[in-house]
Amino acid sequence: MTSRKKLQGLVAATITPMTPDGQINLPVIRQYVDYLVNKQTVKNVFVNGTTGEGLSLSIQERKQLAEEWVCQGKDKLDHVIIHVGALSLPESQELARHAAAIGAGGIAVIAPFFFKPTNKDELVSLLQKVTSEAPDVPFYYYHIPPLTGVKIRVEELLEGIKERIPTFQGVKFSDTDLLDLAQCIHKNEAQQLEFLYGVDEQLLGALAVGANGAVGSTYNYLGRQTNLMLEAFAKPDLALARKYQFLTGEFLNFVIKLVIFLRWWCPRRKTALILLSPALL
């Protein structure tokens with residue numbers, strides 16, 4: 001792989017814009033990029049993940065979204081990470097090849113969650129088969145056990161993974177197990193991996209144990225505020241950092257009260273619900 005800018009700070013888990021009849025709305029993405037950069041000071045995106053309802057979209061829709069984000073993000077965004085995980089291994093491989101062909105800055109893969117891998121070797125073997133289709137693209141493992149039910153600890157997964165998957169660059173860690181995250185960071189400091197936390201309301205705790213940044217839904221609309229929290233933590237001004245973290249928590253508490261009204265709002269395109277933290281689903 002060629003030299004690249006380190007992925008750190010905030011990464012917006014992008015929403016998939018839809019037309020009133022449920023089709024993807026590609027022309028909106030140009031405005032979306034400008035909004036993230038200019039209004040939210042966020043210059044990294046994670047496309048077709050949980051927030052973007054990637055696993056509810058067709059392969060063609062996912063490809064179109066990936067192409068548009070890469071195209072519109074050129075010279076504006078630092079990193080466009082494309083989630084290519086799927087229940088079908090050939091489809092996941094196809095998406096990985098496509099992401100490489102369009103110049104994505106990285107790919108991410110979620111663990112299969114219907115027929116689940118039962119141990120580390122099974123999971124690494126599957127990830128290896130997907131990432132081999134994009135041999136020059138940085139790879140991030142997307143760890144989200146509340147949704148997948150795959151509870152293989154990342155600390156265990158990382159042992160020897162770089163030898164089997166040379167493109168392995170880090171983890172999108174969407175779990176509340178900060179002990180697992182801390183052990184991952186502590187044991188892999190020499191490898192300069194990127195650990196991006198995915199539970200927005202607990203980001204400050206993840207920063208305290210060494211997370212490089214975060215991937216989340218709320219950075220679409222609370223990016224500027226959360227960047228102020230990162231700045232306060234770096235000073236360090238922990239009192240101010242806590243203030244910003246508490247504000248995010250207050251916002252999410254308000255939204256949680258609306259979940260019961262949104263849960264069946266749209267059977268396929270649950271965008272309103274998916275805006276919440278993964279920990280809530």
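**Close-up views of a predicted model**

**View 1. Helix α3 and its buried face.** Ser92, Gln93, Leu95, Ala96, His98 and Ala99 are the buried residues of α3 (buried means under 20% relative accessible area with a 1.4 Å probe, protein chains only; helices, H or I, of at least four residues and strands, E, of at least two are DSSP runs numbered from the N terminus). This is a predicted model, in which local features need pLDDT of at least 70 and side-chain atom pairs count only at pLDDT 80 or more, while totals for chains, interfaces and linings use all residues. Residues are numbered from 1 along each chain as its sequence is written, and side-chain values use heavy atoms, with hydrogens and water left out. The buried residues of α3 pack against α2 (59-73), β3 (79-83), β4 (106-110) and α4 (120-131), contact meaning heavy atoms within 4.5 Å. Just after α3, Gly103 adopts a positive phi of about 85°.

**View 2. Pairing of β4 with β5.** Strand β5 (residues 139-143) and β4 pair in the parallel sense over four bridges, where pairing requires that DSSP finds at least two bridges between two strands. Within this pair, Tyr140 in β5 is the bridge partner of Ala108.

**View 3. The annotated positions Thr51 and Val215.** An unreviewed UniProt entry places the feature "binding site" at Thr51 and Val215, in the numbering used here and with a shortened feature name, and such annotations may be inferred rather than shown by experiment. Thr51 lies in the loop between β2 and α2 and counts as buried because its relative accessibility is 5%. Val215 belongs to strand β8 (residues 213-216), and its 2% relative accessibility likewise counts as buried.

Notes:
Buried means under 20% relative accessible area, exposed over 50%, partly exposed in between (1.4 Å probe, protein chains only).
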